[in-house]
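Visitor: I am new to this structure. Please take me through one part of it closely.
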Amino acid sequence: MNIDRDVDLSNGLEDVPVSIEGRSGVRTFPEFQYSPDNIQGPGCTVDPSEVTLPGCSCLSHSCVPESCSCLQTHGQAYDSTGTLLNLSRPDSAYCSPAFECHALCTCSDACSNRVVQRGLRIRLEVYSTKNRGWGVRTLEAIPHGTFVCEYAGEAISFEEARRRQLAQKSEENNYIIAVREHAGAGSITETFVDPAAVGNVGRFLNHSCQPNLFMQPVRVHSAVPKLALFAGRNIDAQEELTFDYSGGYSNRPPVELLSTHSDAAIQASRTDGLQRKECHCGANCCVRFLPLDLSVLH
């Protein structure tokens with residue numbers, strides 16, 4: 001077992017180093033540019049680093065709903081310890097974002113409404129799994145509702161996401177995540193993030209049909225949300241960290257696989273020119289194939 005404890009995958013870009021196990025083994029380690037934050041990719045009209053949201057004028061150490069315009073406008077996302085308050089995941093394919101205070105706010109950096117923006121705080125390790133390529137495990141226990149890491153990469157347009165998916169070879173991994181949010185007044189916003197060439201430790205997280213993380217879009221200063229991953233339950237040290245690539249946490253099959261296994265196998269063999277990949281998560285509720293975001297193809 002080869003453990004590169006002295007190698008930091010983030011090259012110092014994270015406050016907590018990300019270790020790697022088995023980097024010099026038989027499995028090829030992917031080449032990519034590490035970025036702890038989203039960057040503007042092809043077709044994205046908004047620079048994720050640009051501050052576009054208004055801030056509060058609180059002068060207190062930590063904001064409170066009675067006086068904070070951020071909390072009054074968007075609601076309180078975290079308790080005083082930074083734990084996510086709303087831990088129930090909707091069955092809908094759409095989600096509602098959380099909002100944090102940011103650079104234009106006058107509250108302190110220690111405000112409890114600043115969580116995801118602080119970046120990685122948990123010791124994680126990228127390692128070579130038995131049959132699922134590279135994966136991520138935690139080196140410390142993680143309480144339920146704790147922010148774990150971001151799924152960061154290139155923020156791209158729908159058209160670019162579609163082009164990249166259709167151009168993929170069958171042996172290539174699809175890293176593109178599509179998140180749909182209720183934007184008010186019945187409108188829906190979509191965010192597409194691809195960490196294949198530029199990304200963070202989140203790009204190594206494997207899918208599971210029974211995951212221990214869930215994805216929550218969090219807006220800090222930009223209209224482009226951070227795709228934050230929180231602990232869906234108490235997680236022990238050395239556990240592999242996984243999330244549902246379809247965005248759910250209800251452990252129910254994706255809509256396109258709600259049919260008999262024989263029907264699923266037929267339609268999963270090939271969909272609109274994209275090869276469906278088998279799921280090896282090992283969960284009792286496993287639906288046998290990795291989720292495929294069909295909306296990108298039409």
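Guide: A contact means heavy atoms within 4.5 Å. This is a predicted model, where local features need pLDDT of at least 70, side-chain atom pairs count only at pLDDT 80 or more, and totals for chains, interfaces and linings use all residues. Residues are numbered from 1 along each chain as its sequence is written, and side-chain values use heavy atoms, without hydrogens or water.

The protein has three helices and 16 strands. These are DSSP runs numbered from the N terminus: helices are H or I with at least four residues, strands E with at least two.

Now Leu 120. It sits in the loop between strand S5 (98-99) and strand S6 (124-128). Leu 120 counts as buried because its relative accessibility is 3%; buried means under 20% relative accessible area, exposed over 50%, partly exposed in between (1.4 Å probe, protein chains only). Buried residues make up 50% of the 298 in the protein.

What does Leu 120 touch beyond its neighbours within four places in sequence? The contacts are Glu 14, Asp 15, Val 16, Val 18, Val 148 and Cys 149. Cys 149 is 29 residues away in sequence, yet 5.7 Å away in space, C-alpha to C-alpha.

Strand S5 also belongs to an open, mixed sheet of four strands, in the order S5-S14-S15-S8. S5 and strand S8 (147-150) are at the edges with a single partner each, so one side of each has no neighbour in the sheet. Strands pair if DSSP finds at least two bridges between them.
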